[in-house]
Structures are given as C-alpha cells and as structure tokens.
Amino acid sequence: MSSFDLKNETEVKEYIDKLGVEYRFGCYSEKKPEVCHLLGDYLEGIRKDFEKAAKVYRSNCDDYNYGKSCLKYGNYTFLGKGRTSEKGDPAKAFSYYEKGCTLNDPDACLHSGLLLVSKLMPKEITRDVTKGFELLKKSCEMNNAGACFYLSGMYISGVLKEEYQQQQQQAAKAAESKPTAEQRPPGAYVVERNMEKAFEFAYKACELRNMYACANLSQMYAKGDGTPRDEKKAEKYKKLALEMQDEIKKQQQLTFQQGLNPT
C-alpha cells in the first residue's frame, strides 16, 4: 500500500477503508486464517464493532483452527464482550482457551491453566490443579513469561490437595497452629514445595522479562533459596527488576500522553 499523510484526514480514512477491504478479501475470498484474525483485530481496534469482531474470531477458531482467534473469542466470551446479553460464560470461554492451547497458542494455555488452578475460579469451572499445572507448563515451554512466573510461585508455596486445604482453613478458624510441611503426610500436596524448581522457573520468567520473577530471583540469591547464595547476583536482578519497573512507568506515561494535543 502506498505511503500516505497521517495529517490528512481524507487520506487516513481512505487508508483505513482500503485496509478493511484487503482484510475482508484475504479472509472471505482467499480464506487465510491469519488475515481473518487481522480482520477481527481491525473490527475490534479500528471499527469498534465488537459483535462482528467476536463472530470473526469465533469462525476463525471453529472453521480454521487458528489458535490466536480461539484465545480472543475466549476472552470475549469470558467477559461477555460482543454479546447482546453482555453476560460472561466462563465454561464456554475455557473450552475456547483449551482449544487454543491444543493449537499451541501460549496465552491460551496460560488462561486455561489459570482458570483451573485458581482458588477464585468461577463456579462454572471445576478446579483441577494437576491439569492446570500441565497447561501452565506447556505455556512456559512456549516461552510465556507469566506462566513460568506462576509455576515458580506454585513451587515456592506448594499446592495442597483440597482436603488438606480445608483442614488448614478449619485450623485457622479455630486459632490452632497450622501443620508444617514436614508434619503433613506424603501425598498431601498436588504440587510439592520445591525451591530448586521454583528458582528454575523464576530464572526463565526473568529471562523472558517478567519483572516480578526478577524480583523473586533477587530474593532467592540473597537468601540462598533454591540456589547458592550470591549477593552480586541478588543485586544484579534487583537492579534489573527496578529498571523494568521504570520502563513500565514510562510506557504508561506515554500511553496517557498520546491523547494530549501538543502545545
């Protein structure tokens, strides 16, 4: 497409209209899944037609097995976006996240995994930590920083089986001392506490630019948790986490100022 003048309103409108025509042709005539997804993004981001965008994402997932579109339609369904009722459907959303994960979309694996491991999951979804853990693991293997960070956290605290969680809650209500990890019987955990594995996942998440993982990595090096104590590395990852924090603040400031007219 030829260059155009961003300051010329007519040229910008023509460009946007041509973009829509190209995406529709590539999707409906050439039946290219990646272009159908772009059409969904176009309808969502430029036309703000969420109902049509939802239909495109759903069709692209159902008909062409395009993982990113499964993720997007899952998000729409979870939030009730692009639906006349505006009521979310978590169970249906999960089915699309799960399909997207099967099609190797790392974010879809993250979303489906989190829904299964979360204690605050919607009532329509049955908690399944073992399955959720495997979905998060797959996401991390595909270099999703959030999934790697979450897995690290699961290994830091360990995840108790449901019956032992209930015992722990009852003990807390009765103001009794909670049993320690050493006092619990073998097999009490779905995910055993393991600081070495927690370190491995935190390291990978930090390498993938997850700020919170870098902060945890700094603490692990400082305390010698899951790795030999190393003050220099503790300081290195602390500095890296703070640099990432500053980057995020600058990006947020830029996003906020994008709508301001220059004086």
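## Exercises on helix H8 and its surroundings

Helix H8 has 13 residues and spans 19 Å from its first C-alpha to its last, close to the 18 Å expected at 1.5 Å a residue, where the expected span is 1.5 Å times one less than the number of residues. The model is predicted, so that local features need pLDDT of at least 70 and side-chain atom pairs pLDDT 80 or more, while totals for chains, interfaces and linings use all residues. Residues are numbered from 1 along each chain as its sequence is written, and side-chain values use heavy atoms, with hydrogens and water left out.

**Exercise 1.** Describe the two ends of H8, and state which of its residues are buried and what they pack against.

*Solution.* Begin at the start of H8, where a side-chain oxygen of Asn 144 comes to within 3.1 Å of the backbone nitrogen of Gly 146; a polar contact is a pair of N or O atoms within 3.5 Å, within protein one able to donate a hydrogen and the other to accept it, and sequence-adjacent residues count only through side-chain atoms on both sides. After H8 comes Gly 158, which has a positive phi near 75°. Next, list the buried residues (under 20% relative accessible area; exposed is over 50%, partly exposed in between; 1.4 Å probe, protein chains only): they are Ala 145, Ala 147, Cys 148, Leu 151, Ser 152, Met 154 and Tyr 155. Finally, these buried residues pack against H6, H7, strand S1 (159-160), strand S2 (189-191), helix H10 (195-207) and H11, contact meaning heavy atoms within 4.5 Å.

**Exercise 2.** Work out how H8 meets H11, and what classes of residue make the contact.

*Solution.* First take the geometry: the axes of H8 (residues 145-157) and H11 (residues 211-223) come within 10 Å and cross at roughly 35°, the axes being lines fitted to C-alpha atoms over the stretch in contact, with angles from 0 to 180 degrees between N-to-C directions. The crossing is left-handed, that is, the near helix is turned anticlockwise from the far one by less than a right angle. Then name the partners, which are Phe 149, Ser 152 and Ile 156 on H8, and Tyr 212, Ala 213, Asn 216 and Met 220 on H11. Sorted by class, this contact holds 5 nonpolar, 2 polar and no charged residues.

**Exercise 3.** Explain why His 37 counts as buried, and identify what its side chain meets.

*Solution.* His 37 belongs to helix H2 (residues 33-45), and it counts as buried because its relative accessibility is 9%. Its side chain makes a polar contact of 2.8 Å with the side chain of Ser 69. Beyond its neighbours within four places in sequence, His 37 is in contact with Tyr 57, Asn 60, Tyr 66, Lys 68, Ser 69 and Lys 72.

**Exercise 4.** Locate Lys 31 and Asn 65, and say what phi each one has.

*Solution.* Lys 31, in the loop between helix H1 (9-29) and H2, has a positive phi of about 55° although it is not a glycine. Asn 65 sits in the loop between helix H3 (50-64) and H4, and its phi is also positive, near 55°. Asn 65 counts as partly exposed because its relative accessibility is 41%.

Definitions and conventions:
Helices (H or I, at least four residues) and strands (E, at least two) are DSSP runs, numbered from the N terminus. Ala, Val, Leu, Ile, Met, Phe, Trp, Tyr, Cys and Pro count as nonpolar, Asp, Glu, Lys and Arg as charged, and the others, Gly among them, as polar.
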